[in-house]
Amino acid sequence: MRRLLSKIKQKLKHKMMPVAGQFIEDPIERARVTGFFRAEDIELITDIFFKEGSTPGGRWDALLHAHMELPSWFRQGLDPLSPEYAAQQQRLWQLVSGVERPYEPEVDEKEVPLTGVDPVRLPAFYMRRDADAVRSASDHVIAGGMLLKHSGLKPGDWALEYGAGFGQTALSLARLGVNVDTVDISQAFCEAVRAQAEFFQVQLTPHHARFGSNPRPGQKYQLIWFYEAFHHCLDFQQLLRELPEHLAEGGRIVLSGEPMVEREYAAVPYPWGVRLHSEVVAVVRRMHWFELGFSEDFLYEIFTHAGFTIERIRCEPTLFGRLYVCQRRPAELHFGTQWLPPVLEDGWNPPEEDGRWTRGDARLALDPAANGHAELDLANLLGGRQRVTLEAGDFSTTVTLAPGERRTLRWPCAGAKWLTLRCATRRAALWRRLRRADHRALGIFVRRLRYDTTASAG
């Protein structure tokens, strides 16, 4: 219900915002006034971006923060995991790209011309000589450092990068003694990585293949990562079915430099799909790439449903360094340490040492592939009795906890994708004797979620 209300609000906002400038004929002025442009303006916007550039003082100033209006045929509210939703995003990509056929990665993720590029001495951001070159390079250097810091690797481990491009982080890991494979759909980038590997004489091997393929069948990797690459994977559902097969025990999947939004807004007004920001639209029209954006709650959902935990790690200097670190779900989850995306955080108070309080209706994604039963540890730490309803898939139960009572609720977990807790909230200051003022709205205290796979779900 919360997601449906969010979609309705976004749709109403989207419909209302352009009204003030709907009679302005000049698309540039209309974008400046309303913050939106139309599909018929894409070619003009693309020409401005690629011919005039984004230097301040030009026509791009009016388009810098503008977004494309969704076409009238676009339907909000479809199941984001359904074939209908994917087909609609295909149609939207065709509209933006100007290509009258379905997206084909081997065709549309075009080879980047590398004529005259020195892949060893001046690869990637090192080849730039414009005024913004140093600042831009800092984003990538910091992001590479964040990846190394949270890679969990040591010399001798195996790592795999999808969509490596020039593979600068892959090269750094290889020079540190890690065995690194890269996978890229671009043969030109594969050759660039190969040239670097030969020059530095390191265990770095490029492979010309698609996302999800294992370049060494049977090899298990301690790290699988994407840098500015996951958002080019249209078939991410299939990818998430394949990745666990390539991951070593205790390994992790890391996403970095990806366009994830904390909440849906004009650039990504849906759980996932074509990004509608002006610059991205221009790039898609010119290059035909499928530039996707994801909401954090949807990212959390798909990785949880695939059997992983996911955590966002902030990077204050640059968004390029923000990481999403995914690991196989343990048998027991502690609520004092679990990351939740902002949309779901609305139903919870901040985590504490041994758990966290609900605030209104609280939701969690579950692993639907788990067998057996799931258990949730609750505690009523307030005065007065507390009535709690738990819903998980087709299972629903309501219990009443006495003051100070702890209770473990159990349900068959196979197939259940979401857990919802419903209970009334009370103000903390009325029930907790603290030295500081505490006026939070508190529901029930949740400590742990356990998956008991030793018992059959019946």
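This report describes the sheets, helices and cores of one predicted protein model.

The model is predicted, and local features need pLDDT of at least 70, side-chain atom pairs count only at pLDDT 80 or more, and totals for chains, interfaces and linings use all residues. Residues are numbered from 1 along each chain as its sequence is written, and side-chain values use heavy atoms, with hydrogens and water left out.

Helices (H or I, at least four residues) and strands (E, at least two) are DSSP runs, numbered from the N terminus. Two strands are said to pair if DSSP finds at least two bridges between them. Strands of a sheet pair through backbone hydrogen bonds, either parallel or antiparallel.

Is helix H7 (residues 168-175) mostly covered or mostly open, and how many of its eight residues are buried? H7 is mostly covered, with six of its eight residues buried, where buried means under 20% relative accessible area, exposed over 50%, and partly exposed in between (1.4 Å probe, protein chains only). The buried residues of H7 are Gln-168, Thr-169, Ala-170, Leu-171, Leu-173 and Ala-174. They pack against helices H6 (133-149) and H8 (187-200), and against strands S3 (158-162), S4 (179-184), S5 (204-208) and S6 (221-227), a contact being heavy atoms within 4.5 Å. Just after H7, Gly-177 has a positive phi of about 95 degrees.

The axes of H3 (residues 42-52) and H10 (residues 278-287) come within 9 Å and cross at roughly 95 degrees. That makes H3 roughly perpendicular to H10, since angles under 35 degrees count as roughly parallel, over 145 as roughly antiparallel, 65 to 115 as roughly perpendicular and the rest as oblique. On the H3 side the contact includes Ile-42, Phe-49 and Phe-50, while on the H10 side Val-281, Ala-282 and Arg-285 are among the residues that take part. By class, this contact has seven nonpolar, two polar and five charged residues, where Ala, Val, Leu, Ile, Met, Phe, Trp, Tyr, Cys and Pro count as nonpolar, Asp, Glu, Lys and Arg as charged, and the others, Gly among them, as polar.

Strand S23 (residues 445-452) is mostly covered, with seven of its eight residues buried.

|---|---|---|

An open sheet of four strands has the order S15-S20-S17-S18, with antiparallel pairing. S15 (362-365) and S18 stand at the edges, each with a single partner strand, so one side of each is left without a neighbour in the sheet. The twist here averages 15 degrees from one strand to the next.

S15 is joined by four bridges to S20 (residues 418-423), and the two run antiparallel; Arg-363 stands opposite Thr-420 in S20. S17 (residues 386-392) and S18 (residues 395-401) pair in the antiparallel sense over seven bridges, and Thr-389 stands opposite Thr-398 in S18. These two strands form a hairpin with two residues between them, and Gly-393 in the turn has a positive phi of about 60 degrees. Helix H11 (residues 296-305) lies across S15 and S20, running at about 50 degrees to S15.

## The nonpolar cores

A nonpolar core is a set of buried Ala, Val, Leu, Ile, Met, Phe, Trp, Tyr and Cys residues joined through side-chain atoms within 4.5 Å. The largest such core has 95 residues, and those with the most contacts inside it are Phe-226, Phe-230, Phe-303, Leu-376 and Trp-411. Apart from it lies another core, of 22 residues, among them Ala-159, Val-180, Val-193 and Cys-315. Not counting residues up to four places away in sequence, Trp-411 touches several residues, including Leu-366, Leu-376, Phe-395 and Leu-449.

Conventions: Axes fitted to C-alpha atoms, helices over the stretch in contact; angles between N-to-C directions.
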